[in-house]
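Open the structure in your viewer and keep the selection tool at hand. The tour goes stop by stop.

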Amino acid sequence: MGRPLSPSDLWDIPRVAPPVPSPDGREVVVPVTTYGSGEASTRLWLVPSDARRAGAGGRGDPARALTAADVSASEPAFSPDGRRLAFVRKPGGAKRKGGPRHPDRPQLYVLDLGGGEAERVTDLPLGVTDPQWFPDGRRIPFPSHTDPHPPTAPLARKRVAQRARHHLG
């Protein structure tokens with residue numbers, strides 16, 4: 001008989017988030033989070049809906065990693081035709097010429113499921129979250145904060161009062 005499970009053992013167990021089904025229901029994208037050296041990293045896996053041995057590893061494993069292990073990805077959303085996947089990830093790395101200006105913020109990426117690399121679509125100062133496709137599959141709305149330095153309550157009241165005086169004469 002082995003030793004009892006300890007609280008630190010729980011960090012070695014991958015966490016599986018709710019799967020996201022493709023529009024035709026044939027596949028699901030499964031976010032799987034692992035914890036190593038104190039940091040969480042989530043990979044997105046494409047799995048056939050009828051898979052029996054997904055995640056077992058080896059040659060017959062039908063699960064296919066869509067994202068790399070070294071950069072966390074989350075919030076997957078299938079395009080309406082099921083051929084592309086939008087998701088959020090932090091580009092990582094240092095700010096450099098020609099690279100992302102905001103590598104420490106989650107940005108929107110789109111991946112063609114037929115093959116190729118994910119393309120970064122945004123580079124916003126406060127990042128994005130929760131991408132969803134429009135039914136036509138041509139646009140992806142997402143929430144994002146717009147003011148990196150939101151006003152304090154007194155400053156906000158002052159701005160509202162100034163606008164009211166301006167508009168009311």
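Select Arg 26 and Asp 24: their side chains meet in a salt bridge, with 3.9 Å from N to O. The model is a predicted one. Both residues, Arg 26 and Asp 24, are exposed. This pair belongs to a structure that holds six salt bridges.

Next, select residues 73-78, which form strand β6, and residues 84-89, which form strand β7. The two strands pair in the antiparallel sense, over four bridges. Which residue of β7 is the bridge partner of Phe 78? Select Leu 85 to see that partner.

Is Asp 81 buried, partly exposed or exposed? Asp 81 has 41% relative accessibility, so it counts as partly exposed. Arg 83 has a relative accessible area of 57%, and is therefore exposed because the cut-off is over 50%.

For the last stop, select Arg 120 and Asp 123. Their side chains meet in a salt bridge, 3.8 Å from N to O. Arg 120 is partly exposed, at 31% relative accessible area. Asp 123 has a relative accessible area of 15%, so it is buried, the cut-off being under 20%.

Definitions and conventions: Residues are numbered from 1 along each chain as its sequence is written. This is a predicted model: local features need pLDDT of at least 70, side-chain atom pairs count only at pLDDT 80 or more; totals for chains, interfaces and linings use all residues. Side-chain values use heavy atoms; hydrogens and water are left out. Two strands pair if DSSP finds at least two bridges between them. A salt bridge is a side-chain nitrogen of Lys or Arg within 4 Å of a carboxyl oxygen of Asp or Glu. Buried means under 20% relative accessible area, exposed over 50%, partly exposed in between (1.4 Å probe, protein chains only).
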